[in-house]
Amino acid sequence: MLRIAVPNKGSLSEPASAMLHEAGYRQRKDRRELVLVDAENEVEFFFLRPRDIAVYVGSGKLDIGITGRDLLLDSGSPAEEILQLGFAGSTFRYATRPGTAKDVTEFGGMTIATSFSGLVRQHLADNGVDASVVHLDGAVETAIQLGVAEIIADVVETGTTLRNAGLEIIGEPILKSEAVVIRGTGAPDDDPKVRQFLRRMQGVLVARRYVMMDYDIRVEHVEKAVGLTPGLESPTVSPLHHEGWVAVRSMVPSKDAQRIMDELYDLGARAILTTGIHACRL
């Protein structure tokens, strides 16, 4: 069986399980379950702390896993990212009191508090900066107020929490993270079970980004209409019983669907419908 690590809690857990469910895999009904066997799909799921997933996958104990890019890099584990999943996006940045420093090149001799010490140490080394790193679990905003550090490095969404603590974001982002599928470095590329899993997950990503659009239009306007709805390879165009009209079916980006419907209507299209896509293979 393919052995897959899945986050058991936190911001990664529910979106990961929802995506796996959409991909046709069984998911646990009891959050206390640590192992779930999906015999029909020949997969065994292990529900683990998100921070531990890269370690298990990198050691070869598990075949692949879902975790955050930040957690993967922070772990230092011999594992690599093989698919971006498009959820749990975040930005990892430095922050400090106004006037302390402008960017990472001025951190020399200072102390940085963070929950991602491996990631920060690597970033400092990449920039040739000699600074101390203090590892803290949980919120790090008070580290500066309590004199533990001059700088903090943390996940930033809106920056409101930092501003409320009297801090400002400085320098360029350390990392932009999201949920990713990982495997051990050096694992074979041609594992058919892994390829099948990736196809299913990619199918979910496509299904979430597109809708199917159907509409009727006069033959003389087909070329302009198809220009608006080119599809992935080419749209399906079928003659209607009423002479001079055709039916067109095409996949369109869901974010553009309403605009495209407006433009098709202005072009003379009628009976314009959109339907959701639940699964897809490209």
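Two strands pair if DSSP finds at least two bridges between them, and strands (E, at least two residues) and helices (H or I, at least four) are DSSP runs numbered from the N terminus. With that in hand, welcome to this structure, in which 5 bridges join strand E5 to strand E11 (residues 179-184), the two running antiparallel. It is a predicted model, where local features need pLDDT of at least 70, side-chain atom pairs count only at pLDDT 80 or more, and totals for chains, interfaces and linings use all residues. Residues are numbered from 1 along each chain as its sequence is written, and side-chain values use heavy atoms, leaving out hydrogens and water.

**The sheet**

- An open sheet is formed by 6 strands in the order E2-E3-E1-E4-E11-E5, with mixed pairing.
- Strand E2 (35-38) and strand E5 (79-84) are its edge strands, and each pairs on one side only.
- On average, neighbouring strands of this sheet are turned by 30 degrees against each other, direction ignored (axes are lines fitted to C-alpha atoms, for helices over the stretch in contact, and angles run from 0 to 180 degrees between N-to-C directions).
- Ala 79 has Gly 184, in E11, as its bridge partner.
- Helix H7 (residues 192-209) lies across strand E1 (2-7), strand E4 (64-68), E5 and E11, and runs at about 40 degrees to E5; contact here means heavy atoms within 4.5 Å.

**The pockets**

- A pocket is an open set of points on a 1 Å grid over the protein atoms alone, where a 1.4 Å probe fits, with protein on both sides within 12 Å along at least five of seven lines; lining residues have an atom within 4 Å of a point.
- The largest pocket holds about 560 Å³ of space, a volume being the space filled by probe spheres set on the points, which are joined across faces, edges and corners.
- Its lining has 22 residues, and Ser 11, Asp 70, Leu 71, Phe 116 and Val 155 lie nearest the centre.
- Helix H2 (50-58), helix H3 (69-75) and strand E9 (151-156) each give at least two residues to the lining of the largest pocket.
- The second largest pocket has a volume of about 170 Å³, and its lining includes Glu 141, Asp 154 and Val 155.

**The annotated domain**

- The unreviewed UniProt entry places "domain: Histidine biosynthesis HisG C-terminal" at residues 207-278; UniProt positions follow the numbering used here, feature names are shortened, and annotations may be inferred rather than shown by experiment.
- The end C-alpha atoms of residues 207-278 lie 6 Å apart, and the span is 29% helix and 40% strand.
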